[in-house]
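Please look over the model below before reading my points. Each point takes up one topic. Keep the structure open beside the text.

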Amino acid sequence: MAGQTSPAQHGQLVLTGGTIYVSPAADPITKGVVFIRDGEIAAVGRRGSVRVPKRVATLDCSGLTIAAGFWNSHVHFSKQKWANAANIAAPELASQVQAMLTRYGFTSVFDLGSPWENTRRIRERIESGEIPGPRIRSTGEMLLGFSVPEEILRTSGIMRVTPEPLVRDAIETLTASKKRLDAGTDGLKIFAASPFTPFSILPGEVIRTAVNEAHRRNKPVFAHPQSRDGLLASLAGGVDVIAHTTPISGPWDEAVLVAIRQAKVALIPTLKVWTHLLRDRASLRDLWTRNNVGQLRAWLASGGVVLFGTDIDAGMDDYDPSDEYALMAQAGMTFRQILASLTTAPAEKFGESGRLGRIVPGLVADLVVLNGDPSRDVRAFAAVRYTIRDGKLIYQAAR
Ligand SMILES: [Zn+2]
């Protein structure tokens, strides 16, 4: 019985009988065994080929699918429910983290904009072992060249924070970038263009200054592109990750695709968030969905790397990623490409491929066990039975 195992007790845990995807490229191991010891993958293989000590806590994974722990590379801890994170009662904080992240298999997340001191508290409470949760990386507060109207914060339920100084030239950008990175953030997030009319683009020197300062410290820069011009400015400025497609722009033309090929950036498509935000405007929703799906298809055809992300807990608090998986498949992504966007691609982009992203002896035991088979229906990526981080069960579905 899964509920009666205590995998942390001896630092050992065995998963038996599942179909194991050790990496997106490899053929799956059927009726496989994963042996976890001291938070690492100790062995993986077909049943009978893996030696497992007696009396080890075991999870029967017959009929289930096992993959490396998932990354969500675009989240936020911005909604009011995360405010004052140091003082949220542990059971309540734990249930929020579960509802948003661990119940969908996320063992690593990148927060692309939230009050850093607050997000840091959430991370500390997870890392201390008080709250089961994923590894959290964060850019801290976004770098903005425009002020956000109060009304937008209020209507979207986003925390009110002391307004950060705007970044309008190289000097302001250098000061703001240093401030965030000195405070311990894991990267920078910049809006390449304003999300409000007239969608004005940031000066090139602003993007380049942020990129130079982050890269000097080996940290990535994420850009919200907003429009075709914002995307081109982001690529020219040398950012590492584009945080959305640009549905207001229509299809990406050859000039955009050439720039993408040269820039070697990664894209987080976030297809569902637009359909969610436009749910009361069916005609616009359908047009933007077509644009987003078409842009992702063009990106893939030009060889671009994709990272999975949903942009949850800023504009959207509908956490179920099933529709995101379905829309990615609609854009032509295979099951294996989606699995790569959840595992190996982010691990590589963020310098963690030696520790995370595959089920290989010696790597960290971050695993997801799925009820169904996502190679038949990609929505099964969202039906999680167990989430395991560092060899410990951090989520299990109710039976
Ligand atoms: Zn976002």
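1. Start with helix α11 (335-342). The cover over its buried residues includes β5, β6, β7 (106-111), β13, α10 and α12; cover here rests on contact, that is, heavy atoms within 4.5 Å. Of the 8 residues of α11, 6 are buried, which leaves the helix mostly covered. They are F335, I338, L339, A340, S341 and L342. Buried means under 20% relative accessible area, exposed over 50%, and partly exposed in between (1.4 Å probe, protein chains only). Helices (H or I, at least four residues) and strands (E, at least two) are DSSP runs, numbered from the N terminus.

2. A word on the source. This is a predicted model, in which local features need pLDDT of at least 70 and side-chain atom pairs count only at pLDDT 80 or more, while totals for chains, interfaces and linings use all residues. Residues are numbered from 1 along each chain as its sequence is written, and side-chain values use heavy atoms, with hydrogens and water left out.

3. Which residues hold the zinc ion? H74 (NE2), H76 (NE2) and D311 (OD) coordinate the zinc ion, at 2.0 to 2.1 Å. Donors are N, O and S atoms within 2.8 Å of the metal (3.2 Å for Na, K and Ca); water is not among the atoms, so sites may look incomplete. The donor spacing in sequence is H-x1-H-x234-D. H76 and D311 link distant parts of the chain, 235 residues apart. H76 sits in the loop between β6 (70-75) and α1 (90-100). D311 sits in the loop between β13 (305-306) and α10 (322-330). Are these two buried or exposed? H76 is buried, at 2% relative accessible area. D311 also counts as buried, at 10%.

4. Now follow strand β5 (residues 65-68). β5 pairs with strand β1 (residues 12-20) in the parallel sense, over 2 bridges. Two strands pair if DSSP finds at least two bridges between them. T19 has T65 of β5 as its bridge partner. β5 also pairs with strand β14 (residues 367-370), in the antiparallel sense and over 4 bridges.

5. Next, an open sheet. Its 5 strands run in the order β9-β10-β11-β12-β13, with parallel pairing. β9 and β13 are the edge strands, each pairing on one side only. Inside the order, strand β10 (residues 221-224) and strand β11 (residues 241-242) run parallel and are joined by 2 bridges. F222 stands opposite V241 of β11. In a regular strand, side chains alternate between the two faces of the sheet.

6. How much space lies in the largest pocket? About 1,400 Å³. On a 1 Å grid over the protein atoms alone, a pocket is an open set of points where a 1.4 Å probe fits, with protein on both sides within 12 Å along at least five of seven lines; lining residues have an atom within 4 Å of a point. The volume is the space filled by probe spheres set on the points, which are joined across faces, edges and corners. The lining has 45 residues, and V148, I152, I158, F191 and F196 lie nearest the centre. α3 (150-155) supplies the largest share, 4 residues. By class, the lining of this pocket has 26 nonpolar, 13 polar and 6 charged residues. Ala, Val, Leu, Ile, Met, Phe, Trp, Tyr, Cys and Pro count as nonpolar, Asp, Glu, Lys and Arg as charged, and the others, Gly among them, as polar.

7. The second largest pocket holds about 310 Å³ of space. Its lining has 19 residues, with G303, G304, V305, V306 and A345 nearest the centre. α11 returns here: α7 (254-263), β13, α11 and α12 (344-349) each supply at least two lining residues. α12 gives the most, with 4 residues.

8. Finally, check the backbone. The peptide bond from T197 to P198 is cis, with omega near 10°. P198 is in the loop between β9 and α5 (204-216). F199 lies in the loop between β9 and α5, and its phi is near 55°, positive in a residue other than glycine. F199 counts as partly exposed, at 28% relative accessibility. R55 also has phi near 55°, a positive value in a residue other than glycine. R55 is in the loop between β3 (40-46) and β4 (58-60), and counts as exposed at 80% relative accessibility.
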